[in-house]
Amino acid sequence: MNTIEAVVRTADPAQWREGDAWLAGGTVLFSSGSPSAGQEPLRRLLDLGSTDWTPIAVSAAGIELAATCTIAQLYAFPDADADADADAGSAAGRGLAGNWPGVELVRPCCESFVASFKVWNMSTVGGNLCTSLPAGPMISLCAALDATATILGPGGARRTLPVLDFVTGDGTNCLAPGELLRSVGLPAVALSSRVAFRRLSLSNLGRSAVLLIGRLDAGGTLVLTVTAATKRPVQLRLESSAAALAGALTDALSEALDTAVPDDLYHDDVHGLPAWRKDMTYRLAHEIQAELTAPADRDPLRISGDFWPPRGGTLNGGPRTEGA
Ligand SMILES: Cc1cc2nc3c(=O)[nH]c(=O)nc-3n(C[C@H](O)[C@H](O)[C@H](O)COP(=O)(O)OP(=O)(O)OC[C@H]3O[C@@H](n4cnc5c(N)ncnc54)[C@H](O)[C@@H]3O)c2cc1C
């Protein structure tokens, strides 16, 4: 980045000034470089690498992920034998988290990265949220689990908001200039829900084109979060009941998707046509609904499995012919 004049080790928003960027893992900053034409070039990087924020802290209230927690640290967390580098809190904390079904989403979400060694080990939860790509798997994880983002601003300002509202579009979010994402909190109540995960990509190891996560909350509410297919996360809540088994919820789900996701909210890029993303969103939503409304003992959690289209198949969409 040949416009950079200084690298400052700080996590203090008071030090931010025009032309600065927070530097986390650097996997976006060092691959995309300075802002595009028409925008001011970056002059300084404010390096978050020297913060001593605990990457993952577990309490009865839930799990707190520091913005600087790397994907490698997060991936190691559910494993009780994770090495010390994971720094995933005490064994007691991991034991507590082991009782939360929602923790089973961590690894499939990490695996949803198109991750080189560099991205896996350097990129951060916060950097992923702040990059705000539709295919941001940390956005999927946090939005689906009703996470709250804590944001620091100059002058000691601090505010919180749902991750669902943090990302506002393809590459856009609600951070004001100089604001710093400090952490995301995953609440125990959402982590305690039964969960289901579905992901599709047009190619094996391709970028996520459709990523849906379902939760069945204790009160029987089905919470469905749509990401990757859409420019920003979308969440639906449907009351689940015995009627679901008779198909009533199936119609309600389609109607709720019709209302919540207008056609122009489906993302359009080389990783999938909007019409295909829409078809697959409905398909996966109904799969999740069927999985979560079946009795738990008859239908164990299916977190891993059929993420990809069958080999040689493209599930209706097909890659774009032009430069795909
Ligand atoms: C080969 C490759 C494959 C990739 N695949 C994917 C993919 O599948 N899905 C995906 O979503 N992304 C992907 N990316 C993009 C990127 O690697 C990830 O989004 C990554 O999580 C970014 O995190 P980072 O810590 O490296 O961010 P950085 O590069 O350090 O920062 C990214 C942006 O966020 C800002 N920022 C970082 N942290 C904070 C903070 N705490 N507060 C405020 N602003 C902050 C920075 O100023 C910068 O504007 C890929 C990148 C590469 C090179």
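Let's begin with a single pair of residues. Select Thr148 and look across to β7: the bridge partner there is Pro162. Keep in mind that this is a predicted model.

**Stop 1: the sheet around that pair**

Now widen the selection to the strands. Strand β6 covers residues 148-153, and β6 and β7 pair in the antiparallel sense over six bridges. What holds paired strands together? Strands of a sheet pair through backbone hydrogen bonds, either parallel or antiparallel.

Bring in the neighbours and you get an open sheet of five strands, in the order β4-β5-β10-β6-β7, with antiparallel pairing. Which strands sit at the edges? They are β4 (56-59) and β7 (157-162), and each of these pairs on one side only.

**Stop 2**

Is α7 enclosed or open? Eight of its eight residues are buried, so α7 is largely enclosed by the rest of the structure. Colour them if you like: Pro137, Met138, Ile139, Ser140, Leu141, Cys142, Ala143 and Ala144.

After α7 comes Asp146, which has a positive phi near 55°. Asp146 is a residue other than glycine with a positive value. Asp146 counts as buried because 23 other C-beta atoms lie within 10 Å, and the cut-off for buried is 20 or more.

**Stop 3: Leu191**

Next, select Leu191, which has its place in helix α9 (residues 188-191). Buried or exposed? Leu191 is buried, with 24 other C-beta atoms within 10 Å.

Now show what surrounds this residue. Leaving aside neighbours within four places in sequence, Leu191 is in contact with Gly62, Ile63, Trp100, Gly102, Val103, Leu145 and Leu186. Try the distance tool on Gly102: Leu191 and Gly102 are 89 residues apart in sequence, yet 4.2 Å apart in space, C-alpha to C-alpha. For the protein as a whole, take the contacts between residues at least 6 apart in sequence: 68% of them join residues at least 24 apart.

**Stop 4: a buried strand and its partners**

Move on to strand β12, residues 210-216. Seven of its seven residues are buried, so β12 is largely enclosed by the rest of the structure. In a regular strand the side chains alternate between the two faces of the sheet. Check both faces of β12: Val210, Leu212, Gly214 and Leu216 are on one side, Leu211, Ile213 and Arg215 on the other, and all are buried.

Strand β11 (residues 194-200) runs antiparallel to β12, and seven bridges join them. To see how they line up, find Arg194, which stands opposite Leu216 in β12. Strand β13 (residues 221-227) also runs antiparallel to β12, joined by six bridges. Here Leu211 stands opposite Thr227 in β13.

In the loop between β11 and β12 you'll find Leu205. Its phi is near 65°, a positive value in a residue other than glycine. Leu205 is exposed, with 8 other C-beta atoms within 10 Å.

**Stop 5: around the ligand**

Of the 30 residues around the ligand, which come nearest? They are Ala24, Gly25, Thr27, Gly127 and Asn128. The shell residues divide into 17 nonpolar, 12 polar and one charged.

Elements that each supply at least two shell residues are β2 (20-23), α1 (29-32), α5 (117-122), α6 (125-131) and β10 (180-187). α6 gives the most, with five residues. Colour by domain to see where the ligand sits: domain 1 (6-49) and domain 2 (52-189) both give residues to the shell, so the ligand lies between them.

**Last stop: zoom out**

Show everything again. The protein's secondary structure comes to 11 helices and 14 strands. Of its 324 residues, 43% count as buried.

Conventions: Residues numbered from 1 in each chain as written. Predicted model: local features only at pLDDT ≥ 70, side-chain atom pairs only at ≥ 80, totals over all residues. Near = placed C-beta within 6 Å. Helix = DSSP H or I, 4+ residues; strand = E, 2+ residues; numbered from the N terminus. Nonpolar A, V, L, I, M, F, W, Y, C, P; charged D, E, K, R; others polar. Domains from an automatic or database assignment. Buried ≥ 20, exposed ≤ 12 C-beta atoms within 10 Å, placed from the backbone. Pairing = 2+ DSSP bridges. Contact = placed C-beta atoms within 7 Å.
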